[in-house]
Amino acid sequence: MAERTRCVIVGGGPAGMVAGLILARAGVEVTVLEKHPDFLRDFRGDTVHPSTLTLLDELGLGDKFDAIPHSELTDVGFPTEGGGLLKIADMKLLNVPHPYIAMVPQWDFLDLLAESAQKEPTFTLRLQTEMTDLLRSGNRVTGVRYRAADGTEGDLEADLVIAADGRWSLARRAAGLEPREFDCPFDVWWFRLSRHDGEAGAMLTPRMHRRRFAVPLPRTGYFQIAYLAPKGDDLRAAGIEEFRRGVVDICPEFADRVDELETMDDVKFLDVRLNRLHRWHVDGLLCIGDAAHAMSPVGGVGINLAVQDAVATATMLADPLLRGRPTPDDLAKVRTRRLLPTIAVQKLQQLLHRGVMRPVMSGRRDGPPEQMIALFTRFPKLAYMPGRLLGVGFRPEHAPGFARRAMEPATK
């Protein structure tokens with residue numbers, strides 16, 4: 001006999017866990033399936049933006065989050081000739097409770113959400129449980145088929161399946177939804193190097209040189225570095241020595257520690273995608289986050305958008321789920337609300353790809369356009385707008401009243 005829940009969420013990333021927490025606080029019976037045994041996976045998006053920090057306050061989790069060791073980014077700027085910095089985004093100008101991006105291991109963020117969600121009697125998190133297919137009745141999705149850690153398989157029926165399983169979403173593929181792909185000129189190679197005491201950490205300073213683009217993200221005790229190379233360049237084939245030389249060429253300050261990269265196994269590859277579904281749902285299933293729209297890493301806004309998708313989804317669908325099965329019209333309303341901010345961010349990313357990334361990747365330039373430099377040099381307060389778009393976004397979502405709680409004290 002098949003098991004049953006009201007809503008099953010495929011994927012325990014930020015979108016899945018936020019949606020699960022908020023739905024459970026509405027009293028909806030919700031089950032999150034996560035195929036891994038825990039959240040400990042490196043080189044995932046580790047940014048928590050001001051709008052998400054505000055959401056955590058609304059959910060009563062702000063103090064607990066603050067107790068997690070993290071670093072704070074307040075500015076984004078490019079190095080200039082003569083050793084200066086051109087600031088192009090300033091989050092300190094934002095009128096928000098937390099005017100910075102918190103850099104924290106994503107597993108700590110997800111553990112915090114899971115701990116809070118599991119206090120709700122209607123929430124279930126099933127680790128090491130992988131969706132293998134969708135259940136259907138005619139054209140309607142009625143649940144999922146899954147495989148547990150011991151290899152046993154089962155069926156979990158639900159009134160709604162939420163696909164939050166990322167850019168390679170199996171749930172999306174099983175539903176027959178295909179995203180439209182947009183051009184992206186680069187891939188990302190992730191690695192970490194130690195961070196010495198006293199090294200600056202409040203400003204994000206991308207570097208550009210010889211068809212490469214590096215973004216050292218200051219973390220507690222180390223740098224997490226995004227090393228961007230033209231799409232299709234196989235950096236593994238050249239070997240670790242050549243990779244180290246490339247790193248030092250663009251970031252000479254790492255010459256004293258680049259040997260910490262012992263082999264190319266210490267470097268993780270991300271095939272960058274920029275895409276979007278035309279339709280985010282079929283009857284009984286809704287895609288959110290990267291499953292609905294994979295974002296470029298430019299700006300690090302993918303997680304922020306995924307979290308906002310999750311808040312909108314849980315807010316709009318809690319009542320239909322409590323009444324029974326959400327209709328296709330109910331599901332379509334989520335896309336209607338979240339489509340404009342999604343398109344706006346992707347258009348902005350495409351503009352940056354064309355104006356900044358592609359000229360660097362083709363070797364035509366080793367820095368931002370001269371017009372950009374002149375504009376931000378003459379009008380430094382323009383840094384407010386990129387800071388606003390980066391930190392808050394086009395349509396920030398707030399926790400619904402039923403999900404808000406008094407602030408929980410941080411555990412010592």
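**Aromatic pairs in a predicted model**

A search of the whole structure turns up six aromatic pairs. This is a predicted model, where local features need pLDDT of at least 70, side-chain atom pairs count only at pLDDT 80 or more, and totals for chains, interfaces and linings use all residues. Residues are numbered from 1 along each chain as its sequence is written, and side-chain values use heavy atoms, with hydrogens and water left out.

Me: Why is the pair Phe65 and Phe109 called edge-to-face?
Reply: Rings of Phe, Tyr and Trp (its six-membered ring) pair if their centres lie within 6.5 Å; planes under 30 degrees apart are stacked, over 60 edge-to-face, the rest tilted. Here the centres are 6.4 Å apart and the planes sit at 90°, so edge-to-face it is.

Me: Which helices does that pair link?
Reply: Phe65 is in helix α3 (residues 62-66) and Phe109 in helix α4 (residues 106-117), 44 residues apart. Helices here are DSSP runs (H or I, at least four residues), and strands are too (E, at least two), numbered from the N terminus.

Me: What makes Tyr227 and Phe243 an edge-to-face pair?
Reply: Their centres are 5.1 Å apart, with 65° between the planes. Tyr227 is in strand β19 (residues 222-230) and Phe243 in helix α7 (residues 240-250).

Me: How do you know whether Tyr227 is buried or exposed?
Reply: Buried means under 20% relative accessible area, exposed over 50%, partly exposed in between (1.4 Å probe, protein chains only). Tyr227 has 3%, so it's buried; Phe243, at 4%, counts as buried too.

Me: Which residues do ring pairs link into a cluster?
Reply: Phe191, Tyr227 and Phe243.
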